[in-house]
Amino acid sequence: QVQLVESGGGLVQPGGSLRLSCAASGSIFVINAMGWYRQAPGKQRELVALIISGGSTNYADSVKGRFTISRDNAKNTAYLQMYSLKPEDTAVYYCYAEVRASMRTIPGDYWGQGTQVTVSS
């Protein structure tokens with residue numbers, strides 16, 4: 001099994017910054033991709049940012065230029081640096097990882113427990 005532990009959420013004023021971290025542990029042979037999704041009240045979960053093993057990244061249009069995703073492969077940890085936060089960024093942010101446990105297993109999807117980000121004055 002794989003566990004994803006998030007940290008770094010909280011309350012911030014509009015225009016402020018936060019940094020989220022997500023550490024993966026457990027049965028890990030290779031992590032194909034790590035990323036962040038978010039879900040606001042009454043809305044569907046949406047992709048925020050994704051980084052694949054080769055380093056390519058993908059961002060939601062609403063966060064391009066404000067958020068940066070990065071990854072420390074040695075630590076199996078992903079980071080989401082968020083700048084210029086807006087009230088509409090308020091949501092529960094979930095870490096996601098696609099992980100292969102061994103050479104003989106197919107990749108599986110794993111989720112963190114979620115961390116609340118609230119942008120409000």
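Start by selecting arginine 45 and tyrosine 94: the charged end of arginine 45 sits over the ring of tyrosine 94, 3.8 Å from its centre. A charge counts as over a ring if NZ of Lys or CZ of Arg is within 6 Å of the ring centre and within 35 degrees of the ring normal. Before moving on, note that this is a predicted model, where local features need pLDDT of at least 70, side-chain atom pairs count only at pLDDT 80 or more, and totals for chains, interfaces and linings use all residues. Residues are numbered from 1 along each chain as its sequence is written, and side-chain values use heavy atoms, with hydrogens and water left out.

Next, pick arginine 19, which lies over the face of tyrosine 79, 4.1 Å from the ring centre.

Now for ring against ring. The structure holds three aromatic pairs (rings of Phe, Tyr and Trp, the last by its six-membered ring, with centres within 6.5 Å; planes under 30 degrees apart are stacked, over 60 edge-to-face, the rest tilted). Select tyrosine 37 and tyrosine 96: their centres are 5.8 Å apart and their planes at 75°, so the pair is edge-to-face. Tyrosine 37 lies in strand 4 (residues 30-39) and tyrosine 96 in strand 9 (residues 91-100), so the pair ties together parts 59 residues apart in sequence. Strands here are DSSP runs (E, at least two residues), numbered from the N terminus.

Together, Tyr37, Tyr96 and Trp111 form one aromatic cluster.

Notes:
Helix = DSSP H or I, 4+ residues; strand = E, 2+ residues; numbered from the N terminus.
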